[in-house]
Amino acid sequence: MNTEGTPDPAGETSPDYLSRFEQVFPALVEQADAGLLIEDLREQSCLRPEIEEQHLETRWLGIAANSVPDSDTANAALDRVGAWLDAEGWELQDEITSPPKERGDIRVLVYSQDDVVLTATYRESGQPWVEVLANTPCRENPPEHQMQRSELDPDYGISSQYY
């Protein structure tokens, strides 16, 4: 697995992240059972914004999140997400818990499978918030590559110079 921001060599066969994320995210939203909404399910550039050829180095990003009524709901959602990930063969890399009286991240689960890293977070920022974020390492792409959005991405179908 490459570190974040370090692209994989261009000659490697690119995994089908689109299909993988489209399978995983609806299941995660269902398992969390906390009203999470998919906010992003797309390929995004790893390059600085001033670089015109944004498609030459990309990674996949998925985010599902929403506020929840209370800490019990947030912790139960993370418990269900973690149990599902365990059952699906994901490897728990870390679990971090902070006292609830502190603002910020209260509980974080970090999982990985192959080269995808997934983080499930319960955060207090005025109200309890649950977020599931997954991303892949950056990969170099051939010049003809076109970035993709999933049909599940809220911006799917919106015109863009990159998609």
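1. Does Thr73 count as exposed, partly exposed or buried, and at what relative accessibility? Thr73 counts as partly exposed, because its relative accessibility is 23%; buried means under 20% relative accessible area, exposed over 50%, and partly exposed in between, with a 1.4 Å probe and protein chains only. Thr73 is found in helix α2 (residues 71–87).

2. Basis of the note. The model is predicted, so local features need pLDDT of at least 70 and side-chain atom pairs count only at pLDDT 80 or more, whereas totals for chains, interfaces and linings use all residues. Residues are numbered from 1 along each chain as its sequence is written, and side-chain values use heavy atoms, with hydrogens and water left out.

3. Overall architecture. The protein chain has two helices and seven strands, arranged along the sequence as α-β-β-α-β-β-β-β-β. Helices (H or I, at least four residues) and strands (E, at least two) are DSSP runs, numbered from the N terminus. Of the 163 residues, 42% count as buried. Among contacts with a separation of 6 or more, 61% are between residues 24 or more positions apart, a contact being heavy atoms within 4.5 Å.

4. Surface. The accessible surface of the protein chain is about 8,700 Å², and carbon and sulfur atoms hold 46% of that area. Accessible areas come from the Shrake-Rupley method with a 1.4 Å probe; for residues, only the protein chains shown count as cover.

5. Strand β6 and its partners. Strand β6 (residues 128–135) is largely enclosed by the rest of the structure, because six of its eight residues are buried. Strand β2 (residues 57–67) runs antiparallel to β6 and is joined to it by seven bridges; strands pair if DSSP finds at least two bridges between them. In this pairing Ser67 stands opposite Trp129. Eight bridges join β6 to β5, again in antiparallel fashion, and here Leu118 stands opposite Ala134. The hairpin of β5 and β6 has three residues between the strands, and Gly126 takes a positive phi near 95 degrees in it.

6. Rolling a probe the size of a water molecule over the atoms shows where empty space is left. The count comes to one cavity of 30 Å³ or more, and the largest cavity has a volume of about 30 Å³. On a 1 Å grid over the protein atoms alone, a cavity is a set of points where a 1.4 Å probe fits but cannot get out, and lining residues have an atom within 4 Å of a point. Grid points are joined across faces, edges and corners, and the volume is the space filled by probe spheres set on the points.

7. Lining of the largest cavity. The lining consists of Arg20, Phe21, Val24, Phe25, Trp90, Val116, Leu118 and Ala134. The lining divides into seven nonpolar residues, no polar and one charged; Ala, Val, Leu, Ile, Met, Phe, Trp, Tyr, Cys and Pro count as nonpolar, Asp, Glu, Lys and Arg as charged, and the others, Gly among them, as polar.

8. Gln93. This residue is in strand β3 (residues 91–97) and is partly exposed, with a relative accessible area of 44%. Not counting residues up to four places away in sequence, Gln93 touches Val110, Tyr111 and Ser112. The C-alpha atoms of Gln93 and Ser112 are separated by 6.8 Å, and the two are 19 residues apart along the chain.

Terms used: On a 1 Å grid over the protein atoms alone, a cavity is a set of points where a 1.4 Å probe fits but cannot get out, and a pocket is an open set with protein on both sides within 12 Å along at least five of seven lines; lining residues have an atom within 4 Å of a point.
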